[in-house]
Structures are given as C-alpha cells and as structure tokens.
Amino acid sequence: MAEVKYPPLLLKYLKMFQDDPKSKIFAPLAETYRKIGLVDEAVQICLEGVQSNPDFTGGKVALARAYADKKQHVKIRDLLNPIMEQIPDNLVAQKLLAESCLALGYLKEALAAYKMILYFNPNDLEASGVVQELETQQYEGGGLLKADRNPEKLRKLMRLQAMLNRIDTHPLSD
C-alpha cells in the first residue's frame with residue numbers, strides 16, 4: 001500500500017498546532033487541509049481553534065472557506081454576518097458572505113455585500129457585474145426577483161451578457 005505524502009507545510013503547521021493547540025496556527029493549518037481536499041478536517045480544526053480564539057477573525061474566515069467548500073451557506077451567513085458589521089473591509093469574508101446570500105436567495109443581503117466589496121475595491125469586475133445584474137432585476141421586477149440558487153450559473157450568464165455588450169459596442173469593421 002502506498003504511503004500518503006502530505007505537503008511539508010501541512011506537517012509544519014500540524015507540529016506547531018500539536019505543540020500549542022490553543023494558538024492561532026489552526027487557521028493556516030485548516031487552509032492547508034482544505035486545499036488538499038481534507039475539508040472535514042479543516043472544519044474540525046477551525047471549530048476547535050475558534051473555540052479557543054473566539055475573537056480571531058482569520059480563524060472564522062478559514063472556517064467560512066471550509067463551509068463554502070461543503071456548500072453550507074447558512075453556516076457561512078450565520079458566522080460572517082456579525083463580523084461584517086464590525087469589519088466590513090475584510091474582502092474575503094465579504095465575498096464569502098455575498099456568495100452565500102446569493103446562493104440562499106437573500107438577494108438584498110447579497111447586493112449589500114457586493115456593494116460593500118465595490119466600496120473597498122471599485123475595480124472588482126465580478127462584484128460590479130453581480131451588482132449590475134441584481135439592480136437590473138430589482139428595477140425590472142419592481143423588487144428583487146428570486147435568483148437561481150446556483151451562483152456559478154449566474155456568473156456565467158453575467159459573463160455572457162458582458163461579452164454581448166462588448167460586441168454590441170465594438171462592431172466589426174467591414
């Protein structure tokens with residue numbers, strides 16, 4: 001039977017975590033677990049770490065990323081909403097929250113989160129496209145419409161719309 005080879009960074013973080021289980025090293029350890037596909041282990045490490053470090057935002061964001069891999073959008077929303085009220089400029093957390101709200105159909109919350117992303121990063125084309133799409137839906141429907149619960153499908157539709165807009169504004173010369 002072949003021996004499983006783990007990345008050296010994982011082993012380094014694991015040793016540091018074993019030496020001090022209450023340290024904040026749990027966050028990069030969980031991220032490393034998550035990146036190699038050990039998402040359940042990432043969630044477990046984060047839950048333990050957040051319990052020992054309840055005010056560590058980086059740990060909660062690592063937990064939210066692991067939840068995102070498991071498509072546990074309700075947990076992401078519950079975890080990140082209070083953080084965003086205190087630290088709205090955490091763009092990774094803001095994006096995780098926005099995508100989760102969109103997936104859950106909380107379109108007003110998703111729109112607010114995407115607008116916050118644009119406030120702090122006006123050049124974020126993806127957030128700009130989502131804001132435009134959601135505001136168009138709101139305008140055309142007299143209120144926000146029920147979105148498809150598949151954010152990737154929405155992103156593909158928005159990319160297609162953007163391509164069509166570019167084609168319309170830059171006609172081919174004869």
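I take helices as DSSP runs of H or I of at least four residues, and strands as runs of E of at least two, numbered from the N terminus. The expected span of a helix is 1.5 Å times one less than its number of residues.

The model is predicted, so I kept to its cut-offs: local features need pLDDT of at least 70, side-chain atom pairs count only at pLDDT 80 or more, and totals for chains, interfaces and linings use all residues. Residues are numbered from 1 along each chain as its sequence is written, and side-chain values use heavy atoms, with hydrogens and water left out.

**Entry 1: helix α5**

I started with α5, residues 73-86. This helix has 14 residues. From first C-alpha to last it reaches 20 Å, close to the 20 Å expected at 1.5 Å a residue.

Next I checked for a bend (the angle between axes fitted to the seven residues ending at a position and the seven starting there). I found one of about 35° at L80. A proline, P82, follows within four residues.

Then I looked up burial. Buried means under 20% relative accessible area, exposed over 50%, and partly exposed in between, with a 1.4 Å probe and protein chains only. The buried residues of α5 are H73, I76, R77, L79, L80, I83 and M84. I noted their packing partners as α4 (57-69), α6 (91-104) and α7 (107-120). Contact here means heavy atoms within 4.5 Å.

**Entry 2: salt bridges**

How many salt bridges are there? I counted a side-chain nitrogen of Lys or Arg within 4 Å of a carboxyl oxygen of Asp or Glu. The count comes to eight.

K15 pairs with D19, with the closest N and O atoms 2.9 Å apart. Both sit in helix α1 (residues 8-19), four residues apart, about one turn of the helix. An α-helix has 3.6 residues a turn, so residues three or four places apart point the same way. K15 is partly exposed at 48% relative accessibility, and D19 is exposed at 55%.

D40 bridges to K70, N to O 2.5 Å at the closest. D40 lies in helix α3 (residues 39-52) and K70 in the loop between α4 and α5, so this pair ties together parts 30 residues apart in sequence. K70 is partly exposed, at 34%.

E109 is in helix α7, and the pair links distant parts of the chain, 32 residues apart. Buried or exposed, which is R77? R77 is buried, at 18% relative accessibility. E109 is partly exposed, at 27%.

Last, I noted a network of salt bridges linking E31, R34, R65 and D69.
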